[in-house]
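Please consult the sequence and coordinates shown below alongside the text.

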2 protein chains.
Amino acid sequence: MRKNWSLEAIKPISARIEKQLRQIVGEDNFSRQKEDRVCYAYDATRRYCVPEAVVFPENADQVGRILDLASKHGFPVTPRGAGSGMSGGAVAVAHGLIMAMSRFDRIVEIDADNFIGIVQPGVVTGTFQRAVQEHGLLYPPDPSSADFSTLGGNLAECAGGARAVKYGVTRDYVLGLEAVLPTGEIIRTGVQTAKGVVGYDLTRLLVGSEGTLGVITEVTLRLLPQPETVKTLSAVFGSMQQAAQCVVEILRQKIVPRAVEYMDKHAIACVESYLQEGAGKDAEAMLLIEADGTHPEAEEALRRIVGVLEENNAGHIEVARTEEAVQSLWKARKAISPALYTYGPDKINEDIVVPRSRLPEMVDFIGRLGEKTGLTMVSFGHAGDGNIHFNIMYDKASPEQSVAASQAVEEIFDYTLALGGTISGEHGVGIAKAPYMSREIRPETLALMKRIKSAFDPAGILNPGKMLL
Amino acid sequence: MRKNWSLEAIKPISARIEKQLRQIVGEDNFSRQKEDRVCYAYDATRRYCVPEAVVFPENADQVGRILDLASKHGFPVTPRGAGSGMSGGAVAVAHGLIMAMSRFDRIVEIDADNFIGIVQPGVVTGTFQRAVQEHGLLYPPDPSSADFSTLGGNLAECAGGARAVKYGVTRDYVLGLEAVLPTGEIIRTGVQTAKGVVGYDLTRLLVGSEGTLGVITEVTLRLLPQPETVKTLSAVFGSMQQAAQCVVEILRQKIVPRAVEYMDKHAIACVESYLQEGAGKDAEAMLLIEADGTHPEAEEALRRIVGVLEENNAGHIEVARTEEAVQSLWKARKAISPALYTYGPDKINEDIVVPRSRLPEMVDFIGRLGEKTGLTMVSFGHAGDGNIHFNIMYDKASPEQSVAASQAVEEIFDYTLALGGTISGEHGVGIAKAPYMSREIRPETLALMKRIKSAFDPAGILNPGKMLL
């Protein structure tokens with residue numbers, strides 16, 4: 001198969017093309033200034049590639065004209081939301097043009113009668129969550145980055161988050177899209193209604209395609225009524241195994257909390273300043289659980305969860321009685337990822353998922369691997385989904401640590417797949433996991449994905465060097 | 001664009017190919033007998049095309065070898081579940097081979113700890129629903145055909161049903177697939193875990209692709225815990241407008257029943273033998289509403305729903321107090337579609353969806369159209385989703401009625417699209433709606449769908465003549 005989205009055919013942005021780009025978006029919306037290019041060079045993986053230029057289109061028509069130009073002249077375009085991605089999706093590895101979607105920042109409509117929201121991709125997820133809340137509605141996907149990541153980025157990566165146990169992930173809330181193909185045509189996919197089956201499901205094909213198949217310019221999202229109440233509790237454990245077993249037991253009893261988060265002792269230690277007295281300090285593991293619904297429903301769930309916790313070795317169980325207590329628990333949980341650098345200058349950040357009944361086995365495996373390699377391994381994440389954010393802390397300057405860390409990653413991936421899991425639950429493949437993709441996806445399936453990429457992007461100009469190498 | 005899945009390149013099944021097919025599946029699993037071919041010639045649309053032969057593969061490997069042969073020799077293959085589809089998806093319009101999936105009838109695993117089921121596509125949906133129920137689990141998609149349609153067919157069409165108001169449709173429950181490409185390769189898509197984002201979402205691309213992109217040979221389905229209780233009620237109204245307005249009001253108050261079904265007076269009349277005394281007879285319209293959850297939750301929902309009904313012109317409101325009463329309501333609802341032929345020898349059966357707040361307008365429009373054409377128009381369906389099963393009864397033998405009926409369809413489609421709706425919510429495009437597809441889908445989007453079809457099926461042998469003409 002022709003590797004037509006490889007970096008080989010990539011061409012630089014000439015002065016002539018620059019002039020055309022400036023004409024399309026206006027002088028204020030194009031920059032070749034070094035300070036702008038540097039600002040758009042990174043993402044949350046700390047990978048760094050300075051683009052040749054940055055463009056800020058204002059509407060789908062401009063996006064289409066830019067991509068048409070890119071397809072005709074062979075220069076790469078990397079669409080970008082807030083740059084908070086965890087797999088390098090927004091990093092311009094082939095240089096070329098960064099297409100910053102920050103001008104697409106409008107909530108077009110919140111239709112409370114039909115439980116839908118129409119929104120542009122540059123809207124910050126948290127802003128949208130709060131806007132729909134004012135209509136008594138809930139947008140359930142809640143990645144830890146919600147306060148700064150954008151909906152466009154969330155869609156591109158199919159972000160998950162803590163509430164997926166009960167509510168699913170981003171793809172489950174996307175009804176329809178307006179998107180621009182790499183060849184410049186504006187398409188509309190999906191529907192604005194509760195059901196719709198006309199034609200292939202391009203909506204879900206674009207969601208999670210990591211900005212390699214099209215640039216999303218408008219999104220129709222499904223919303224739910226806001227639950228009447230949410231109950232939040234934390235519990236500590238004498239070992240990670242006990243915490244993992246407890247998660248299995250809660251769901252085995254057919255209780256579906258909206259969130260079941262966990263942190264191991266290393267994760268707890270680096271965010272303990274956020275935790276209230278007695279809420280987790282010095283514990284080996286901690287669970288953070290939320291149940292929602294009507295008042296009687298949430299109360300009943302809480303009662304049953306506490307029962308399971310008590311019967312399954314939980315230590316201190318604390319129901320958060322004030323909004324402040326709830327917020328401090330979530331602040332702690334969401335602060336883990338950036339706080340990890342206290343353990344070492346470099347980290348390898350993974351996002352594996354196993355069937356949740358296999359969590360105890362995975363926790364054992366991680367423990368043994370830590371002992372074997374001598375590296376600090378921090379794990380936390382969405383236990384209710386079996387989704388483990390597993391971090392290996394090391395120092396790149398040490399060749400021994402680098403080798404040990406990368407071997408550990410391979411062992412973790414192999415074990416994850418052996419347990420029936422996947423190597424990425426919500427962060428995506430990007431550049432971080434592209435080398436490992438063939439461990440999970442069969443050659444026939446990969447070949448098909450490449451044919452699909454070609455059907456969208458024959459010139460290979462959209463976000464090259466990602467996912468399908 | 002080359003129309004490579006058109007009927008032009010189609011070749012017959014030669015004696016030599018027949019011999020190879022018999023070798024692949026064994027003598028018992030291949031038939032050219034007229035009685036077999038006739039049995040596999042129709043679906044629920046009453047369209048009729050006799051295939052050249054019928055094959056009954058027993059595993060994915062056999063499916064792969066058959067499709068490889070078909071791609072090489074250019075004969076068409078139409079995969080088929082129970083033949084209960086409403087848009088002609090399983091009808092062999094290009095003749096060739098019917099691939100009956102009836103040997104794929106095994107529930108491979110129900111994993112109650114991880115809320116998943118692994119199942120072959122030939123399993124009848126209702127059989128699977130009952131099997132998971134024994135584990136305290138729920139498979140929510142519930143097309144009216146569940147007692148005879150198969151999961152493979154449900155996936156191919158992305159079936160919906162009554163419970164979609166709360167639980168969504170088939171695509172929301174498919175985690176992963178094993179499927180065979182038209183070129184014969186066996187692929188695996190998706191995951192068996194709660195989250196997963198590695199590579200393009202081929203799972204949802206195959207779901208709803210109407211058997212044109214691949215043959216599904218194994219399915220991993222997401223399950224939910226069974227709700228503790230279900231409350232069912234019916235209410236009658238003096239007009240369809242009042243019933244429609246009441247549906248809008250229930251959801252506007254953020255109540256999410258699991259089902260909100262409606263029937264107009266014609267629909268009621270043709271199934272009234274199923275209805276208990278006073279439960280709907282002689283009414284202009286009827287709603288059938290279900291709420292589920294924990295006992296207090298369902299009770300509370302019921303109380304609130306009754307409140308809205310009482311404030312919104314409902315006549316007789318009847319809560320079904322016995323399982324028998326519940327069953328008789330659902331039997332009536334599910335019997336409508338086949339019972340409609342009492343109104344005329346022919347029907348045009350539509351499956352439109354509008355944003356549910358536009359239901360009252362659509363109901364008005366249908367009323368006016370009935371008056372204008374003089375034809376009996378029956379409507380019923382999933383009001384909570386805005387999903388209207390709209391039937392025009394007529395006599396094909398009458399040229400006047402035929403013209404009036406087909407003009408009415410076009411008017412309905414245009415009005416549906418003007419209201420922000422879709423021309424198919426759950427029945428699919430198949431042959432029935434293929435001529436209308438370009439009214440809803442833009443040329444650029446259609447062209448992309450055709451390129452995707454080519455990426456899967458370069459020889460155009462899989463279910464040709466459907467959806468993308």
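How far is the sulfur of C158(A) from the closest cysteine sulfur, and in which residue does that sulfur lie? The closest cysteine sulfur lies in C158(B), at 16 Å, which is too far for a bond. The model is a predicted one, in which local features require pLDDT of at least 70 and side-chain atom pairs count only at pLDDT 80 or more, while totals for chains, interfaces and linings use all residues. Residues are numbered from 1 along each chain as its sequence is written, chains are lettered from A and ligands numbered from 1 in the order in which they are written, and side-chain values use heavy atoms, with hydrogens and water left out.

**Cysteines**

- The number of disulfides over all chains is zero, a disulfide being a pair of cysteine sulfur atoms within 2.5 Å.
- C158(A) is buried, with a relative accessible area of 1%; buried means under 20% relative accessible area, exposed over 50% and partly exposed in between, with a 1.4 Å probe and protein chains only.
- For C39(B), the closest cysteine sulfur belongs to C49(B) and is 15 Å away, too far for a bond.
- C39(B) is partly exposed, at 42% relative accessibility.

**Relation of the two chains**

**Seven-stranded sheet of chain B**

- An open sheet of seven strands in chain B has the order β15-β12-β14-β13-β17-β18-β16, with antiparallel pairing. Two strands pair if DSSP finds at least two bridges between them; strands (E, at least two residues) and helices (H or I, at least four) are DSSP runs numbered from the N terminus.
- Its edge strands are β15 (317-319) and β16 (346-353) of chain B, each of which pairs on one side only.
- On average, neighbouring strands of this sheet are turned by 15 degrees against each other, direction ignored.
- Within chain B, three bridges link β13 (residues 259-264) and β17 (residues 376-382) in the antiparallel sense. E261(B) stands opposite H382(B) in β17(B).
- Helix α12 (residues 359-373) of chain B packs on the sheet and touches β16, β17 and β18 (387-394) of chain B. The direction of α12 makes about 160 degrees with that of β17(B); axes are lines fitted to C-alpha atoms, for helices over the stretch in contact, and angles run from 0 to 180 degrees between N-to-C directions.

**Strand β10 of chain B**

- Seven of the eight residues of β10 (residues 215-222) of chain B are buried.
- Strand β6 (residues 116-119) of chain B runs antiparallel to β10(B) and is joined to it by four bridges, with R222(B) as the bridge partner of I116(B).
- Strand β8 (residues 174-180) of chain B is likewise antiparallel to β10(B), through six bridges, and E178(B) stands opposite E218(B).

**Positive phi angles outside glycine**

- R46(B) has a positive phi of about 65 degrees and is found in the loop between α2 (34-39) and β2 (53-55) of chain B. R46(B) is exposed, with a relative accessible area of 56%.
- M467(B) has a positive phi of about 55 degrees and belongs to the segment after α15 (443-456) of chain B. M467(B) is buried, at a relative accessible area of 1%.

**Domains and selected residues of chain A**

- The domain assignment of chain A gives domain 1 (7-102 + 451-456), domain 2 (107-225) and domain 3 (229-418); such bounds come from an automatic or database domain assignment.
- The centres of domain 1 and domain 3 of chain A, taken over C-alpha atoms, are separated by 37 Å.
- P12(A) lies in the segment before α1 (15-25) of chain A and is exposed, with a relative accessible area of 58%.
- Not counting residues up to four places away in sequence, P12(A) touches I17(A), E52(A) and F75(A).
- V207(A) is found in the loop between α7 (202-206) and β10 (215-222) of chain A and is buried, at 2% relative accessibility.
- Beyond four places away in sequence, the residues that V207(A) touches include C158(A), R171(A) and V174(A).

Notes: Contact = heavy atoms within 4.5 Å.
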